[in-house]
Structures are given as C-alpha cells and as structure tokens.
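Dear colleague,

I am passing on the structure below, and after it you will find an account of what was found in it. Please keep it open while you read.

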Amino acid sequence: MLTMTSASLAGGQGKTTTSFFLAKAIAQKGYKVLMIDADPQSSLTLYLGHEVEENQPTLLEVLRKQVPVEDGIYESRYENLWLIPSDDGLETIQDYLSSTAMGELALKRRLKDIQDLFDVCIIDSPPQRTQICLTSIVAADELVIPAEASSKGLHSLLRTLQLVDELKAVEAFEGSILGILPFRDRWVGRTQAKRSEVSIQDMKEIGAGIAVLPSILESERFKQAIDTGKSLQELGFPDLEHPFQTIIEKLETKWLKHNLNPLMQIAG
Ligand SMILES: Nc1ncnc2c1ncn2[C@@H]1O[C@H](COP(=O)(O)OP(=O)(O)OP(=O)(O)O)[C@@H](O)[C@H]1O
Ligand SMILES: [Mg+2]
C-alpha cells in the first residue's frame, strides 16, 4: 500500500479538496483506496456523506489501539473507496500522542496492519502543526502540499517545508515530496490573474527543485461536485481533473512500474 498525505500548514489551502478528488480519481481507475480523515474538523468525512454514529470506532480509537484498524474502516458510497472517519472527538488524541513515546510514528505503525488490504491510502491532515498533523506526515511515502496561489499560500508552503525538514532531520519522515499543488489558480478567460501568476512563480522558487504540479483552478465546480456526489467529468468539466490525473501518472510511474506489486496485479 502506497500512503500519500495532503498537508499544508494553514486553513483553506485545498488539503481536503485534494484528498477527496485524488482518492476518487484513483479509485475510478480500479485501485482500492483507503481515505483517512485525520482532521478533527472532519471535512473529508462530511464530503463523503459519512455519519459517525455513537459507539462506532473512528480514527481516534484506531490510533489509541482500542480497536483493530479494520474495525475503523467503513465502505463509502463510491466504488473502491473506503474511509477511516473522524469527528471532533479526534481533538483528544493530541494528549495521547504527546504522552506516547514516538507519537509521530503512531499512524504509520497502525497502517502496517492493513498494508495488504489496499493499494493506496490517502490521508487528509489538519492545518495546525499538531501531533495529529505530524503523525499524518510521518506516515506518508509521498507528500503533496497544496497551497493557495496567494501570499497566504506561500506562507503555508514555507511553514510546511520547514516542518518536513525538521522531521527529516530526526529521521521521522522518510518519504518524499511528490509536489506542490497550487490551489485556486484564478483565470479570467485566457488570462491568468496576476496574483496567481506571481504566487505560482514564487512557489517554484521556494520549492527549489520540488515539482510544482498543474494547478487546481479557482472554480465553483469543485463544490458542486462534492455537493452532488458527481465527478468533475460527469459535470462536463474533465479539464479540471488534470492536476489529479497528473499526480496519478506520477504515482504510477514511480510506484506501480517498479515496486508496488498489489497495484500491478490490479492494474493488470
Ligand atoms: N477549485 C476551487 N475554487 C475555489 N474554491 C474552492 C475550490 N475547491 C474547493 N474550494 C473551497 O475552498 C475552501 C477550502 O478548501 P479545502 O477545505 O479543501 O481546504 P483545506 O486546506 O482542507 O482547509 P482546512 O485547513 O480548513 O482543512 C472550501 O470551502 C472549498 O469549498
Ligand atoms: Mg481540510
């Protein structure tokens, strides 16, 4: 199982949007995808229309080792897509993770138990630099950093890269950064907004060699797709899928063709 985390240290950077559309696109290709909602705001759980009922295990119980990981996994309404949901109770995991030795490794260790059940795992992380954020990043083989095409986005990118460097320095993060994903890139007709253009150029400089992926365009269609449960393609906007298709191509080139056997089998 290849694990990928969507992380960016500010609110509204497109983390959940990326997790949701990317997971759906990968699942549509026939791969078995597990999504993990690692944000107490539980936006991803909401986007999937999943309601956590009382006494049902969530990521909280999984991380606390109160249940086997499998017990926290639920089918979603989409084919090939499963979810470990969260609710605001996940907030209480902070103390647990801080008081546990190597709390950053908690999620990575738990995921070892289900390595063979899925092809890809996508983790949606919270905007704050909390323990749950750290454990989500450390669990990743690949990291994607969405950042709004704005000064706030640049700031978020800087903070995220700094955190990744810190985690690398103590050998906690052993994955790689797949790319920076510009979010809400604004175009009016065929003209890109100056702010978007400048911000994306700055992302290339800040990233210093890290790939800057094709951007997620500013569009109401994403919200429409989430609300209706339809894909962007079904809504008649296949071009908006381009960033996710590019990420899948990169994953297939790097992981599928070389060392990810379960993916090879499913891909036929
Ligand atoms: N392509 C788009 N253009 C404009 N707005 C968008 C687009 N995609 C999503 N949005 C909206 O932008 C907002 C932020 O997106 P999202 O929730 O993915 O960010 P986030 O980084 O997960 O935020 P948080 O840090 O709060 O978890 C949401 O309200 C979402 O509906
Ligand atoms: Mg989010």
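Helices (H or I, at least four residues) and strands (E, at least two) are taken here as DSSP runs, numbered from the N terminus. What you have is a predicted model, in which local features need pLDDT of at least 70 and side-chain atom pairs count only at pLDDT 80 or more, while totals for chains, interfaces and linings use all residues. Residues are numbered from 1 along each chain as its sequence is written, chains are lettered from A and ligands numbered from 1 in the order in which they are written, and side-chain values use heavy atoms, with hydrogens and water left out.

I begin with the ligand. Around ligand 1 there are 19 residues, the closest being Gln-13, Lys-15, Thr-16, Thr-17 and Leu-217, where a residue counts as near if one of its heavy atoms lies within 4 Å. By kind, this shell holds seven nonpolar, eight polar and four charged residues; Ala, Val, Leu, Ile, Met, Phe, Trp, Tyr, Cys and Pro count as nonpolar, Asp, Glu, Lys and Arg as charged, and the others, Gly among them, as polar. At least two residues of the shell come from each of α1 (15–28), β7 (176–185) and β10 (216–217), and α1 gives the most, with three.

Turning to polar contacts (pairs of N or O atoms within 3.5 Å), a polar side-chain atom of Thr-17 is 2.5 Å from an oxygen atom of ligand 1, and a polar backbone atom of Gln-13 is 2.8 Å from an oxygen atom of ligand 1. A nitrogen atom of ligand 1, in turn, lies 2.8 Å from a backbone N or O atom of Leu-217.

Elsewhere, the structure holds eight salt bridges, each a side-chain nitrogen of Lys or Arg within 4 Å of a carboxyl oxygen of Asp or Glu. One of them joins Lys-29 and Glu-252, whose closest N and O atoms are 3.7 Å apart. Because Lys-29 lies in the loop between α1 and β2 (33–37) and Glu-252 in helix α10 (residues 242–256), the pair ties together parts that are 223 residues apart in sequence.

Finally, on the backbone, Asn-80, which is not a glycine, has a positive phi of about 65° and is found in the loop between β3 (74–75) and β4 (81–84).

With best wishes

Notes:
A polar contact is a pair of N or O atoms within 3.5 Å; within protein, one must be able to donate a hydrogen and the other to accept it, and residues adjacent in sequence count only if both atoms are side-chain atoms.
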